[in-house]
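This note concerns the aromatic side chains of the structure shown below. The points are set out in numbered order.

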Amino acid sequence: MNNTVDSLKEKVILAGCQLQTMDDEHFHYSMEELASLTKTANGEVLIQLTQKRERPHPATYIGKGKVDELLNLVEDLSPDIVIFNDELSPSQLRNLSAILDVRIIDRTQLILDIFAQRAKSKEGKLQVELAQLQYLLPRLTGQGIALSRQGGGIGTRGPGETQLETDRRHIRNRINEIKQQLAAVVRHRNRYRERRKKNQAFQIALVGYTNAGKSTIFNRLTTAGSYEENLLFATLDPMTRKVLLPSTYQALITDTVGFIQDLPTTLVAAFRSTLEEVKEADLILHVVDSSNEDYSNHEKTVYKLLEQLEVSDRPILTVYNKKDLTPASFVPSPSADYVKITAFNEADLEMLLTKVETIAKDSMKQYSILVPANEGRLISQLKTESLIEKIEFNEKREKYEIEGFVLPEHSINSQLEKFNGEG
């Protein structure tokens, strides 16, 4: 069985250019990430070719000597594809294709390909197709014959609705059509979000670098069955479920698409509406894989994207995941309010939920009331829609003593006022 799977994998050569602005360690991790992305897209890396340059070569990205070296590797190893660790310009793509006579894609196209595999919802598929078309439009002349057929393989997969050999006008029409469809989906999402707002629950958003363990934590907290695998971009479509805090208060938690450094600009724009979920959150759980040696850069990437989304003002709790695999050299970010957990450890998850509940209380209004026993409906509502710390029946007064916390804008506050002065 494994032999069959291996035979279906495409043979890949990776090529990267380390510029002056990038230190050795960061470049090394960037190439490692490219290899992980290739694995996720079902490719097998044969060899990596790298070069140090002040700036990319305008015609071929890497220098002439390295192009010759790459040509020799292509002739010796017969790869299916060469993947470059940067976004190539249309002319670089055209020139390299002519010299090497092998299919060439860049990091952007590889990420788009993975998104095409992962998208499940209508919105996700539309967003991927939009990003792919926007990427392809200036490159229609650049890839020549490679676009004359819709094949299989890394960098060519897509939603299957658009023939890549169509002319620019057709593609522009399709882009406009997708934008209209997406606008309708976004309107629907906004209505759904408004409905959730009316439910007035405390909302949590899970964010983090791709493969940090967000979906694993999401599944352990909600038993929702979100797709979970040790691959980059395992989750693409956002999912919202209820989560019970230790006091039995029901909060809402959303799993979001993983972030990645050098995320293609077309994708940042296309997935903005998906990440809008983060803007509605009362608390952001920033999941970091503390076992990854490049965790510090991962954190910076996430914060940069949160700034772009204009949500860096939200309370953020950093969740350092995989603490059982964390190296001794690990140092938490000095500015972070954080917890260290292992997603598969029940005690750790309880500790995380307790911390979340403490933060939730900070954003809520405290109340202490006496409620007559015949106010069953209100008591029931308080149990489900507020965070109750104490509920006792006072036999002498024949009233319930209830203490808890409620969101300041919750409609139930007006009813609480009635019983506030009762004593």
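How many aromatic pairs does the model contain by the rule for ring centres within 6.5 Å?

1. The model is a predicted one. The count comes to five aromatic pairs. One of the pairs is Tyr 320 with Phe 330: the ring centres lie 4.9 Å apart and the planes meet at 75°, so this pair is edge-to-face.

2. The positions of these two residues in the chain deserve mention. Tyr 320 belongs to strand β9 (residues 316-321), whereas Phe 330 sits in the loop between β9 and β10 (338-340), so the pair ties together parts that are 10 residues apart in sequence. Both Tyr 320 and Phe 330 are buried.

3. Tyr 320 also forms an aromatic pair with Tyr 338, with 5.6 Å from centre to centre and 65° between the planes, which is again edge-to-face. This pair links distant parts of the chain, since Tyr 320 is in strand β9 and Tyr 338 in strand β10, 18 residues apart.

4. Is Tyr 338 buried, partly exposed or exposed? Tyr 338 has a relative accessible area of 35% and is therefore partly exposed. Tyr 320, by contrast, has a relative accessible area of 0%, which means that Tyr 320 is buried, the cut-off being under 20%.

5. The residues of both pairs belong to one aromatic cluster, which is formed by Tyr 295, Tyr 320, Phe 330 and Tyr 338.

6. A separate point concerns a charge and a ring. Arg 139 lies over the face of Tyr 135, at 3.9 Å from the ring centre.

Note on methods
Residues are numbered from 1 along each chain as its sequence is written. This is a predicted model: local features need pLDDT of at least 70, side-chain atom pairs count only at pLDDT 80 or more; totals for chains, interfaces and linings use all residues. Side-chain values use heavy atoms; hydrogens and water are left out. Rings of Phe, Tyr and Trp (its six-membered ring) pair if their centres lie within 6.5 Å; planes under 30 degrees apart count as stacked, over 60 as edge-to-face and the rest as tilted. Helices (H or I, at least four residues) and strands (E, at least two) are DSSP runs, numbered from the N terminus. Buried means under 20% relative accessible area, exposed over 50%, partly exposed in between (1.4 Å probe, protein chains only). A charge sits over a ring if NZ of Lys or CZ of Arg is within 6 Å of the ring centre and within 35 degrees of the ring normal.
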